[in-house]
Structures are given as C-alpha cells and as structure tokens.
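Reader: I would like a close look at one part of this model. Please take me through the aromatic rings and what surrounds them.

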Amino acid sequence: MATMQSLIGLVNRIQRACTVLGDHGGEGMSLWEALPSVAVVGGQSSGKSSVLESVVGRDFLPRGSGIVTRRPLVLQLHQTNEGQAEYAEFLHAPRKKFTDFAAVRKEIQDETDRITGKTKQISNHPIHLSIYSPNVVNLTLIDLPGLTKVAVEGQPDSIVEDIENMVRSYVEKPNCIILAISPANQDIATSDAIKLAREVDPTCERTFGVLTKLDLMDKGTNAVDVLEGRSYRLQHPWVGIVNRSQADINKNVDMMAARRKEREYFQTSPEYGHLAHKMGAEYLAKLLSKHLENVIRQRIPSIISLINKTIDELNAELDRIGRPIAVDSGAQLYTILELCRAFDRVFKEHLDGGRPGGDRIYGVFDHQLPAALKKLPFDRHLSTKNVQRVVSEADGYQPHLIAPEQGYRRLIDGSIGFFKGPAEASVDAVHHVLKELVRKSIAETEELKRFPTLQSDIAAAATEALERFREDSRKTVLRLVDMESSYLTVEFFRKLHLEPEKNPNPTGPNADRYADNHFRRIGSNVSAYINMVCDTLKNSIPKAVVYCQVREAKRSLLSHFYAQVGRREKERLSAMLDEDPALMERRATIAKRLELYKSARDEIDSVAWK
C-alpha cells in the first residue's frame, strides 16, 4: 500500500508539473489527461462542496446559494508525515503558503472573481490548489460547476448548456474517474450527475455514486436500495455521506468533528448500520485512492510513453529559449517590428471584442456621459430669479420691446457652456481605458515577455500617441460645444407659440412686464432648447471621441514609433532587445521540470514492477 501511495503521490507531482508547463491540453492526449484524476459532478446544491471538504477534512470552499463554483477547481491532495503542519498552495501564487483555510476560501473566491467578475458567469479556466496534510490520501479531485436546469437573473440563456459542456469536457476523457454526487432526498432517477455519467460512461466502469443528505430524507424513508445497488446498479459500490448541517456550519464545527459525527450516524443508524464500514467521507477517499492505484498500474505503459514525449518537448523548449537574438541590425529591426505587430494585434482584439476591455469605452458613452449630463445645474441657471437677472443685465438701461433676444442668447450661451465639462470628462475616461488596454496588451503579448526594454519603449510610444489623440479629441468635442453657441437654431424659437398675457391689465406690484410668469416662460423656452442641444451632443460627442481616439489608436498607435525605430543605430536596436532576466529563471525552471520527468520515469519504472 505504501508503495502504491508513493506512486499516486508521484503522479500528483507530475500533474502539478504538467500544469506549470501548460501540458494539459492541445492536440491529442496530453500527459495531464493520461494521468487519472477524479471529477466531482453534481447538480447545484447537491452537496458537492461538503463532500470535498469531508474528504479533505477542512472547511475551505466558498458557500452560498445558486451557482457558487464558477470555475473548475483542480484540487491535489498530498499526504504528508504524521505531525507535519497542514498548508495549501495555489498555482497562481506559488510562493505563498496558506495555513489559514478561511484565507484559502477567500483566495478561491477572489481568483474566481478575477476571471469572471462579481457576476454569475462561469469560466472554464481552472484554479489549481494543492493541500498538504497528514489527514488526506494522495488524490487529484476536480470540482466542477454544479449542473443546472434553468438560467437565473444575471446569467446568459446558454448557461445550462455551457455548464454541461464544460463538465462533459472533463468527464468524457477515458482516464477521468467520475464521482457522481446525488442528494438522497431526491429521486435518483432524476439525478443530473447520474444522467450525464451514464451518457459518457455507459458501462459505468469509471463512475462512483455518492449519496448525500441521507439524514435529511423524509421520515420513514431510506436509501438502502440505492446504496446496496438494487435501485440503480453501478460497477463500483455506492457510498453514503452525511454532510454537516447548516447549524454545524454556523457554529464552525470543524471537519474532523464532523467526520466523527458522520461515523456515529452510520454506526447507530438502524437503516444503515450494516453498511457503516462502507459509508462516509473517509471510506470514500480510501476507495477512490485504491481505485486510482489499479488505474495507474493499468495505464503505466501509456504514461511512460507520454513522459518520454514530454521530455522530448521540454528539450525542444530549452532549445527554443536558448536561441540567441540575431546580431545584424536588419534582423533585429525585423524582430522588433514583428513584436510590435504582435502587440498591436492583441490591442485591437481588446478594442474589437476578442478580449475583454473594449466594452468599457461603450460604458463611458452609455452610462458615464448621460449621468454627467443629467447632473448639470440647469435648474439653478434657469431659475426665475437668475433669468430675471440675466435678462435685466442684457437689456441695460432700455428694456426690450417684444422679446428679450439678448437675454435669451446670454442664457443659452451660459447653459451650453456647462456641456464642456462632461465632454472633456468623456475624452479623459476613454483615454484612461485606452492606456489600461495598452498596459494589458503588453502584458498579454507572449512574444514581448522576453524583452522588458522593448516593452517599456512600446508603452512610452503608445502613451505619447494616446496623449496626442486625447488632445485632438478634446479640441474636437469643445469645438462641437462651441458650434452650438455660435449659431442657434432659429426655427426652434420661431415655432414657439406666443401665448397672450394671462392678465393684460395687471395692477399692483406685478403689473410690469418683468412678472414671474414672463421670466418663467423665458426659462422654459431656453430649457427646451438646451434639451435639444443636449440630445445632439449626447450623440455627437461619442462619435468625435471614437473618431479621434479609438479609431486613431487602432490605425496608427505606433506609427511614430516605427519611423523612429527605422532610424536607430545598431547599438540602440540591440539594447531594445535585451532579454528579461526572468527568462533566465524560466530556463532553469524548465531544466528542473525536465529533471523531474526523468526522475518520474525512473521511479515509475522501479515501482511498477514491484
């Protein structure tokens, strides 16, 4: 048993190395796929998370209603010696050890949100977590999003199919062991997990059935027929699990205590007492581990073959990384221009929708600009008191005879001036989005990662170009606002209906032509005109910003840079192609992984025939 546990642990380490090297996809069967793992499948709220936590013996997974698991979680359990401290490591934070499992839960949530956002969307990009503990068996488990039948608010209509396709992409692999989770308080015939498992594994050779929530079944009912294989037969035995109750979770009852409580439940249960030795999370973990032993032994020839293939690929990768940059200036210039074009492709993908980020520009026009326009202080500017003041000042010593045209013009000019703030704010907001997309695009351009100096040069050139585009855009939108002031739409005012005075022969203090109704009417007319101008600018400002900034960024972001690079001397071209010191570390890392695979091949060979 110790020998096989050592082999399973070795397989775990190889899988982790495969993940680091990106060897978990591509054409044909990858080494990661050739190594057996256990995919945890079940409907939402079926108890998947509780089963995983019970197997691990730790409370570490996010909880909540609806869809909680939104990215696959590849969980590798590594058994350590008795007495050693438990800790966890994430692949995306390899140098950080988590000893607080509440922090592990938060990191899973944060890493999920980093890809999917704080929404109900899903992503097939997995999170990789390793847990080292003396209380686990060596095992690789993959927690997948729960199957569902309907989309809820905030999810696309395709979410049901998207989740099923994601789950299916894992469980249809021939080396994947399916852990089908079904709640005992529901009819097993309606189990989403069993239905999907039957489709991809019709002979049930790879399927293990797990019944959760046995303690929540209706009084007078039990799941003995299922657990004994009479209701639904699988090739492997069914295992019953008793999850922690919500009260236990609220009281922070630790998982080891929950394991003891689970054992007591089965041992004292009149229905399941005769099955107690084959029930519970601890038994499930050992059952899966034992099955993995057999699968690994059967797969050893193909695993060795793929290890040899991977060793050849790693050697080729070392050759690729080790190739020096050309020394002649023509080849260096060509390399620089090709790298710039690679960056430009990524940047355009962000703008055009192939990558995230470009939608934020639309958000500026659809949300930020309208909100800013609504907040403009027209109510104060066109108040009766202010209208009276402006009109009186415009009239001077001789009041107007028919309509206060100068007063109208001053009120309109003052109102239109308020539009300059939102117009400039839209320019600045789009500028910041474009700068952020430049930063992201540089980081995401794989070909550039070797050359930090060139990254900095491209960033500086792009920022300089964006500043020029911003200045042109600012001048254009301000010109749009000024054009509205320079020539008013006369037809608008000619169509205004001239209402007769309501009190043609007033007496007392309200008898003069500057009565409140008169100024209120002027303010109303100006407000109607400004609303028309607002609608015009709400459409024309985004057009100007896109034309001056987004369009130019797509067309000529690095045009000036290309011209400058073409005139540079050989020494400066060489400096631009300085390699990232991290590349040296990558070479060393690949060499270590290569050594690991060679060692794994030797160890598997030695263990396989004992």
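Author: Tyr265 is partly exposed, because its relative accessibility is 24%. The cut-offs are these: buried means under 20% relative accessible area, exposed means over 50%, and partly exposed lies in between (1.4 Å probe, protein chains only). Phe266 has a relative accessible area of 2%, so Phe266 is buried.

This is a predicted model, where local features need pLDDT of at least 70, side-chain atom pairs count only at pLDDT 80 or more, and totals for chains, interfaces and linings use all residues. Residues are numbered from 1 along each chain as its sequence is written, and side-chain values use heavy atoms, with hydrogens and water left out.

Now the pairs. Ring pairs link Tyr265, Phe266 and Tyr272 into a cluster. Rings of Phe, Tyr and Trp (its six-membered ring) pair if their centres lie within 6.5 Å; planes under 30 degrees apart are stacked, over 60 edge-to-face, and the rest tilted. The structure holds 8 aromatic pairs. One of them is stacked: the rings of Tyr87 and Tyr132 have centres 4.7 Å apart and planes at 15°. Tyr87 sits in strand S3 (residues 87–90) and Tyr132 in strand S5 (residues 127–133), so this pair ties together parts 45 residues apart in sequence. Strands (E, at least two residues) are DSSP runs, numbered from the N terminus. Both Tyr87 and Tyr132 are buried. The pair of Tyr265 and Phe266 is edge-to-face, because the ring centres are 5.4 Å apart and the planes are at 80°.

Charges come next. A charge sits over a ring if NZ of Lys or CZ of Arg is within 6 Å of the ring centre and within 35 degrees of the ring normal. Lys97 lies over the face of Tyr87, 4.4 Å from the ring centre. Lys173 lies over the face of Tyr170, at 5.7 Å from the ring centre.

Terms used. Helices (H or I, at least four residues) and strands (E, at least two) are DSSP runs, numbered from the N terminus.
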